[in-house]
Amino acid sequence: MKTMITSLAIAATVACGAAEAGDKLLLKTPVAFSTELPGLGTPIPRVADEIAVMSGGTLKMKVYEPGKLVPAFEILDAVSTGKINAGYTTAGYWAGKIPAAPLFSAVPFGPEAGEYMAWLYYGNGMDLYQRMYDQAGYNVHVLPCAVIAPETSGWFAKEINSAEDLNGLKMRFFGLGGKVMEKLGVATSLLPGGEIFPALEKGAIDATEFSMPAIDQRLGFHKVAKYNYFPGWHQQATVFELLINKDVWNEASEQHQAILSEACKASMADSFAEGEALQFEAMQKNVDENGVIMKQWSPEMLDLFRTTWDEVAAEEVAADPFFAEVYADMQTFREGYNLWKINAFLPRQ
């Protein structure tokens, strides 16, 4: 199937020229997400195919499924030390190592995909993103390489109508949104995708969030938890990264660097389009065939999540100077962008 990457692939090949035959590079790339998961894991095999074509076969990527080469949560360290030369993951997994990392993955009540990409590529986002890893002592070069549309807000075994209904739940939750839930009395854990369903089935957790409906459906959450809540206030967009060992990146030819950069930019558009295309069919199937009850958070609950997020953000800003710098820059960009947003886009119905 032709993708949106193809036209940019051809353009990049013409612009950069084919890399010299003697200049060959193989990126051994473990991924944090199954390549069977649409929009989440599917982008990187497509990137692998395209960079081989764009380079005339001098640049290749071998993709390893989660856990086959290194565990998902060890990809950053493994790339930095040179144990592997590349990895595909999301910065939100490094919150325990780098407090600001989740800001480059997903932000509660934060930017949607278009605004996120605008900040990254045409604001200060990319400079801050690379500087984050440099300052933390990681020997990696980072390329955003996929972005997905809003996620669902979670899967629950019972209706959630108030803060009291959340208190005491055990829930898999990602990133900064997890800190919001913790303030509301939820015991959160961050499990890789493949471990979530068994944990739900065994009762180790009561509820979960993971990704978009088409992805969650493949993982079978609907078999255990029938109430699926929207909107995904905690992840209106999620960015995924290709990490390349910095020594490997610096030694790569300009052609290979350009091909990787442009292929990942194209993948940002392609992954977003794929995610947007697949969700409504999955949602309809959930209702018609899987017995899922789709719910919208009440205005009161959304206000509760937002005010609690404001508290979390203030605490994170006070605790880490670089988090404060990145968050302030993102907020300044968003304040400017809002003038465009409120005037240019139709109001939501």
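# Briefing: helices, rings and backbone details

The backbone nitrogen of Val142 lies 3.1 Å from a polar atom of the Gln130 side chain, and that contact is a friendly place to start. The model is predicted, with an average pLDDT of 93 for the chain and 93% of the residues scoring at least 70.

**Confidence**

- Please take care with residues 1-22, where pLDDT stays under 50.
- For that stretch the model has 29 contacts beyond four places in sequence.
- Where pLDDT is low, predicted coordinates should not be read in detail.

**Around Gln130**

- Gln130 sits in helix α5, which covers residues 125-135.
- With a relative accessible area of 14%, Gln130 falls under the 20% cut-off and is therefore buried.
- Beyond its neighbours within four places in sequence, Gln130 is in contact with Val140, His141, Val142 and Lys246.

**Helix α13**

- Helix α13 runs over residues 321-344, and its 24 residues should span 34 Å at 1.5 Å a residue; the end C-alpha atoms are 34 Å apart, so the two values agree.
- A kink of about 35 degrees is centred on Tyr337, and Tyr337 is also one of the buried residues of α13.
- The other buried residues of this helix include Phe322, Phe323, Ala324, Val326 and Tyr327, along with Asp329, Met330 and Arg334.
- The cover over the buried residues of α13 includes α4 (113-122), α5, α7 (175-183) and α12 (299-319); α5 is the helix in which Gln130 is found.
- At the start of α13, a side-chain oxygen of Asp320 comes within 3.3 Å of the backbone nitrogen of Phe322.

**Helix α11**

- The 35 residues of α11 (residues 254-288) should span 51 Å at 1.5 Å a residue, and its end C-alpha atoms are 52 Å apart, which agrees.
- A bend of about 30 degrees occurs in α11 at Gln279.

**Aromatic rings**

- The count comes to 22 aromatic pairs.
- One aromatic cluster is formed by Phe33, Phe73, Tyr88, Tyr93, Trp94, Phe174 and Phe240.

**Backbone details to check**

- Most residues other than glycine have a negative phi, and most peptide bonds are trans.
- Phe109 is not a glycine, yet its phi is positive, at about 55 degrees.
- The relative accessible area of Phe109 is 16%, so this residue counts as buried.
- Phe230 and Pro231 are joined by a cis peptide bond with omega of about -10 degrees.

**Around Leu27**

- Leu27 belongs to strand β1, residues 25-30, and its relative accessibility of 0% is why it counts as buried.
- Although Leu27 and Asn85 are 58 residues apart along the chain, their C-alpha atoms are separated by 6.0 Å.
- Not counting residues up to four places away in sequence, Leu27 touches Lys60, Met61, Lys62, Asn85, Ala86, Ile244, Val248 and Leu260.

Conventions: Residues numbered from 1 in each chain as written. Predicted model: local features only at pLDDT ≥ 70, side-chain atom pairs only at ≥ 80, totals over all residues. Heavy atoms only, no water. pLDDT = per-residue confidence, 0-100. Contact = heavy atoms within 4.5 Å. Helix = DSSP H or I, 4+ residues; strand = E, 2+ residues; numbered from the N terminus. Buried < 20%, exposed > 50% of the residue type's maximum accessible area, 1.4 Å probe, protein only. Polar contact = N/O pair within 3.5 Å; in protein donor to acceptor, adjacent residues only side chain to side chain. Expected span 1.5 Å × (residues − 1). Bend = angle between axes of the 7 residues up to and from the residue. Phe/Tyr/Trp six-rings, centres within 6.5 Å; stacked < 30°, edge-to-face > 60°.
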